[in-house]
Amino acid sequence: MGATFRQYLAATACTLSVAMMATSFNWMEPLMHYFISPDSEIPMSSTDTSWLLSFVELGEVLVTVPAGMLADRFGRKTLLLTTGPLCLLSWLLVLTTRNIIVLYVVRWIQGAGVGIVYTIAPMYIAEISEPRIRGELSGHFQTLWYVGILYSFIAGHYLSYQNYAYACAAIPILFTACFYLMPESPYYDLMVERPKEAKTSLTWLRATKHVDEEFQSIQKSVEEDMKSKGGWRDLFATKKDTKSFFIVQIICFIKYLNGITAILAYATQTFSEASNGFLEDHELTIGLGVLLIVTTFGAAFISDSVGRRPLIIYSTLASVVCNIISGTYYFLNQQGYDVSAYSWVPFVSVTAFCTISNIGLGPLMQTIQAEYFPSHTRGIGSGITEISASVSAFINLKQYQPVVDIAGVYMNFWIFALCGFLGTVFMYYVLPETAGKSLGQIQQDFEGKKKMDKEEKVENSSKSEESSTYM
């Protein structure tokens, strides 16, 4: 097996956890109409379903920072493996009960799993990958997320409630069996002073024994990073660290407030309001899932060649246009205008939004998260970033239904458009490029810029003194 194949194998086994948690995150979406119908085994109101959908974020927000710290103590692989049994437990509760209180517990457990996976999986993928394919492998994180989403769309529509839960419970078993066979991150092994294990992992991942140069480079980078303690204060130890931290947090908020979470969670319900016989709402939802997988899979192969910065900025700006179009259609429909001839517009515009946003901001958020933090703060930095993700996703999910009830579905899309536009302006001015660079080189570039600025100031100061002397 070649080096590229082995890195793909390890990354794919890792991202099975992403598909697993995507199914857990989204499993209620195909059942939204069922839960509020008279035939529901667990009677609910639209308010109940809104809270249950968003409650998953509470579980996520409480575990992300501990997950980052535990990943530094016990290892990336070890902590990721715990999500398999955790997820399986949630499905056992779904299978054996029919109680809304238990569903809140299920959503909390699933949220905890999402928090661990979103914190640790990007770190693991970034640390096992060569710079030439790191963006590509990290991009497939989002692809597997949509594989899980599509799986829930299809299984949730065509299977009974009980069989649907059985189908979802199979995924954590598959993930645990596959990922158990993969190596630990060589970065982590070096962080805990296990150079022999680190070299063994690196040798397997690169499919060659000639890894001395890369091993020494990684070792030097980790040793430099580990000179600091790795606590939360180190996230703000220098201006460079502070700037990197806040860039990651703001981009995280932009990703979720741009609308992708709520649009997917309420996709079937949204399409049902305007399909007008163009296609069945569940068919539109499944079609959306297929397109998202194709798009994110293809986008993963261009982030290393085109670059992170242009993909993120232009895709976010284009998503603003799509949200404006969607909002305008639903506004006209709500005002009583005859838009039946244009019933394809919401599907096309929403699909275009999901497709375009997942060429850039969607898949690359996790890449940036893993790249911007040095080794000693990558765990806790990723954990705090997932708190930002949880908070912004919770806001995005929870506000959707109340806004629909108060103003109409169109207002959600216009709010998403405003957030995306403000985000585009922000990223245009502050987002650096990191494609094609090792994790150590990225940190050196940040430091190098700072040193360069200081040197220029000293040089300019010297020139000024010389000028004054001659005068």
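**Cavities and a covered helix**

By class, the lining of the second largest cavity splits into 2 nonpolar, 4 polar and 1 charged residues (nonpolar being Ala, Val, Leu, Ile, Met, Phe, Trp, Tyr, Cys and Pro, charged being Asp, Glu, Lys and Arg, and polar the others, Gly among them). This is a predicted model, where local features need pLDDT of at least 70, side-chain atom pairs count only at pLDDT 80 or more, and totals for chains, interfaces and linings use all residues. Residues are numbered from 1 along each chain as its sequence is written, and side-chain values use heavy atoms, with hydrogens and water left out.

That second largest cavity holds about 40 Å³ of space, and its lining is made up of Lys255, Asn258, Ile260, Ser357, Asn358, Leu361 and Gly362. A cavity here is a set of points on a 1 Å grid over the protein atoms alone where a 1.4 Å probe fits but cannot get out, and lining residues have an atom within 4 Å of a point. Volumes are the space filled by probe spheres set on the points, with grid points joined across faces, edges and corners.

The largest cavity comes in at about 200 Å³. Of its 19 lining residues, Phe25, Tyr118, Trp145, Tyr256 and Thr261 sit closest to the centre.

Ser357 also turns up among the buried residues of H17 (buried: under 20% relative accessible area, 1.4 Å probe, protein chains only). Across the chain, buried residues make up 57% of the 471.

How values were computed: Buried < 20%, exposed > 50% of the residue type's maximum accessible area, 1.4 Å probe, protein only. Helix = DSSP H or I, 4+ residues; strand = E, 2+ residues; numbered from the N terminus. 1 Å grid on protein atoms, 1.4 Å probe; cavity = no way out; pocket = protein on both sides within 12 Å on 5 of 7 lines; lining within 4 Å.
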